[in-house]
Amino acid sequence: MPAAVPNVISRYFDVTAERDTDAIVALFANDATVVDEGTERRGRDQTRAWRNGPATAYTYTTELLRTETIDPDHYLITGRLTGNFPGSTTDLNWDFTIADTRITQLVITP
């Protein structure tokens, strides 16, 4: 990770690399929102469905490039995915909002 971030964000990238859906879902608040590919999902059940569906459609590695602290509960991470998806490489932003030790919102954008 390029700069220091709360443990919950570091853990998100660690368990995502391990493809551990249960561990990923446990990082989110019960009423968390995830937006990926323009689709919003709410709550842990929809977060689990996202992780078991669109988020696992391809095999990839993530190189984290930059961390920006927006405020103590809001972080923007920029990284590069390389894998077996169309184009094989893309840069993404993960916009995290956290409360206590849980992710309350994650917005993933190109």
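Predicted model: local features only at pLDDT ≥ 70, side-chain atom pairs only at ≥ 80, totals over all residues.
Close-up 1. Y12 is buried, with a relative accessible area of 2%. Its ring forms an aromatic pair with F28 that is edge-to-face, at 6.3 Å centre to centre and 80° between the planes. Because Y12 belongs to helix α1 and F28 to strand β1, this pair ties together parts that are 16 residues apart in sequence. F28 has 0% relative accessibility and counts as buried.

Close-up 2. Six aromatic pairs are found in the whole structure. In one of them, the ring centres of Y12 and F13 are 5.2 Å apart and the planes meet at 85°, so the pair is edge-to-face. F13 also counts as buried, at 10% relative accessibility. Ring pairs link Y12, F13, F28, W94 and F96 into a cluster.

**Close-up 3. Buried side of helix α3.** G43, T47, W50 and R51 are the buried residues of α3 (residues 43-52). They lie on the same side of the helix because they cover an arc of only 110° around the axis. Their packing partners are α1, α2, β1, β2, β3 and β6.

**Close-up 4. Hairpin of β4 and β5.** Strands β4 (residues 74-83) and β5 (residues 89-99) run antiparallel and are joined by nine bridges. G79 stands opposite L92 in β5. Five residues separate the two strands, and G87 in the turn has a positive phi of about 95°.

**Close-up 5. Hairpin of β5 and β6.** Seven bridges pair β5 with β6 (residues 102-109) in the antiparallel sense. A99 stands opposite R102 in β6. Two residues lie between the strands, and D100 takes a positive phi near 55°.

Terms used: Residues numbered from 1 in each chain as written. Heavy atoms only, no water. Pairing = 2+ DSSP bridges. Helix = DSSP H or I, 4+ residues; strand = E, 2+ residues; numbered from the N terminus. Buried < 20%, exposed > 50% of the residue type's maximum accessible area, 1.4 Å probe, protein only. Arc of directions from axis to C-beta. Contact = heavy atoms within 4.5 Å. Phe/Tyr/Trp six-rings, centres within 6.5 Å; stacked < 30°, edge-to-face > 60°.
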